[in-house]
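The structure comes first, followed by the points to look for in it.

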Amino acid sequence: MSALPNSRGYFGPYGGRFIPETLLPALLQLESAYRKAKRNPAFKKELNHCLKTFVGRPTPLMYAEHLSTVVGRGRIYLKREDLCHTGAHKINNALGQVLLTRFLGKRRVIAETGAGQHGVATATAAAFFGLKCDVYMGEEDIIRQAPNVFRMERLGARVIPVKSGTKTLKDAINEALRDWVTNVSSTHYVVGSVVGPHPFPMMVRDFQSVIGREARRQILDAEGRLPNYLVACVGGGSNSIGLFHPFFKDKRVRMIGVEPAGKGLSSGQHAASLSKGTRGILHGALSYLLQDTEGQIQGTHSISAGIDYPGVGPEHAYYKDSGRAEYVTATDADCMKGFELLCKTEGILSALEPAHAIGYLATLKKRLKKNDIVIINLSGRGDKDMPILKAYYE
């Protein structure tokens with residue numbers, strides 16, 4: 001798997017660079033700089049030091065004893081990315097890319113954000129390294145995720161509302177790309193998920209793979225063997241690929257990605273690109289996406305803003321077609337059941353994104369044997385979702 005993507009940025013038939021010609025020099029420069037940085041002992045030392053002392057890594061792998069008892073089958077572990085500084089896994093990638101920006105000699109970063117966690121992480125890393133930061137965020141998501149908007153602004157970032165299209169993550173990415181085309185000589189675009197043109201899917205995956213590398217060591221220490229199942233939510237796909245990738249060659253470890261089914265797959269109000277999408281090009285890469293027969297991107301819906309995206313990373317598309325991973329769905333209602341279950345069994349208030357993975361346990365338990373080991377990536381905490389939760393319960 002280390003050979004993927006290939007030299008042109010493809011995972012099998014997926015990925016690549018479908019971009020304006022003006023962006024090609026910047027992407028080639030970025031790829032070259034990243035490959036050099038990966039081999040640079042000073043870069044690796046500084047990144048690892050920051051991950052340890054600033055982010056708080058390694059994050060715990062927690063045996064969820066009470067949750068396991070309620071589920072009734074299997075031993076369930078939680079990879080506690082919610083305990084990272086800023087409250088989610090997004091800081092792993094943001095820190096790496098902002099450090100790389102300094103390596104490139106650029107002084108400004110831009111980012112897109114949906115749930116706000118990537119925006120907060122980028123603003124945090126930019127403040128830490130002394131760079132200017134602008135964050136594009138859909139107007140609807142600004143309303144849904146007001147606490148994170150406040151956090152980004154306190155960290156010194158400018159949050160730029162996006163009023164076009166569906167006013168959500170897809171449109172925020174569109175605006176960030178337009179900005180980058182115009183300001184590429186001075187600005188690095190910190191892409192937040194394993195999407196976009198090469199080298200972003202590879203680069204984000206590599207920065208997030210710290211999750212799976214740690215989980216692999218931790219479960220061997222705790223149980224003396226590898227897990228039977230890895231489970232994680234999938235939107236663009238960064239938290240899930242970060243967990244999955246280091247286990248790719250372990251064929252007995254089953255990988256399950258849980259997509260948001262929203263109000264139901266038959267309703268048309270969902271964001272399940274792998275389950276209901278078709279091949280197409282979005283934001284510079286070929287993958288599965290939600291589109292109509294004319295190739296127009298369809299609207300999406302999820303109770304969780306962070307996975308409300310009409311496409312998915314090309315590596316996930318490759319995993320799906322090759323059969324290496326299985327992709328399933330959980331509705332908004334399943335998500336809320338998972339959220340409440342984790343609150344009441346383990347005292348953990350998770351973000352709504354990983355609550356989809358917890359909600360899927362009601363289905364997964366039918367397949368579990370008594371001693372099966374399950375690792376669920378708890379990719380973020382739920383502070384940011386308080387306005388959504390308050391409205392839901394009212």
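Helices α1 and α4 are roughly perpendicular to each other (angles of 65 to 115 degrees count as such). This is a predicted model, where local features need pLDDT of at least 70, side-chain atom pairs count only at pLDDT 80 or more, and totals for chains, interfaces and linings use all residues. Residues are numbered from 1 along each chain as its sequence is written, and side-chain values use heavy atoms, leaving out hydrogens and water.

**Helices α1 and α4**
- The axes of α1 (residues 24–39) and α4 (residues 90–104) cross at roughly 105 degrees and come within 10 Å.
- Leu100, Phe103 and Leu104 of α4 meet Gln29, Leu30, Ala33, Tyr34 and Ala37 of α1 (contact means heavy atoms within 4.5 Å).
- By class, this contact of α1 with α4 has 7 nonpolar, 1 polar and no charged residues.

**Helices α14 and α15**
- Helix α14 (residues 332–346) packs against helix α15 (residues 352–359) at an angle of about 90 degrees, and their axes are 7 Å apart.
- That makes α14 roughly perpendicular to α15.
- On the α14 side, the contact residues include Met336, Phe339 and Leu342, and on the α15 side they include Leu352, His356 and Ile358.
- The contact of α14 with α15 has 8 nonpolar, 3 polar and 1 charged residues by class.

**Asp385**
- Asp385 lies in the loop between β14 (373–378) and α17 (386–393).
- Asp385 counts as buried because its relative accessibility is 0% (buried means under 20% relative accessible area, with a 1.4 Å probe and protein chains only).
- Leaving aside residues up to four places away in sequence, Asp385 touches Gln145, Ala351, Leu352 and Glu353.

Terms used:
Axes fitted to C-alpha atoms, helices over the stretch in contact; angles between N-to-C directions. Helix = DSSP H or I, 4+ residues; strand = E, 2+ residues; numbered from the N terminus. Parallel < 35°, antiparallel > 145°, perpendicular 65-115°, else oblique. Nonpolar A, V, L, I, M, F, W, Y, C, P; charged D, E, K, R; others polar. Buried < 20%, exposed > 50% of the residue type's maximum accessible area, 1.4 Å probe, protein only.
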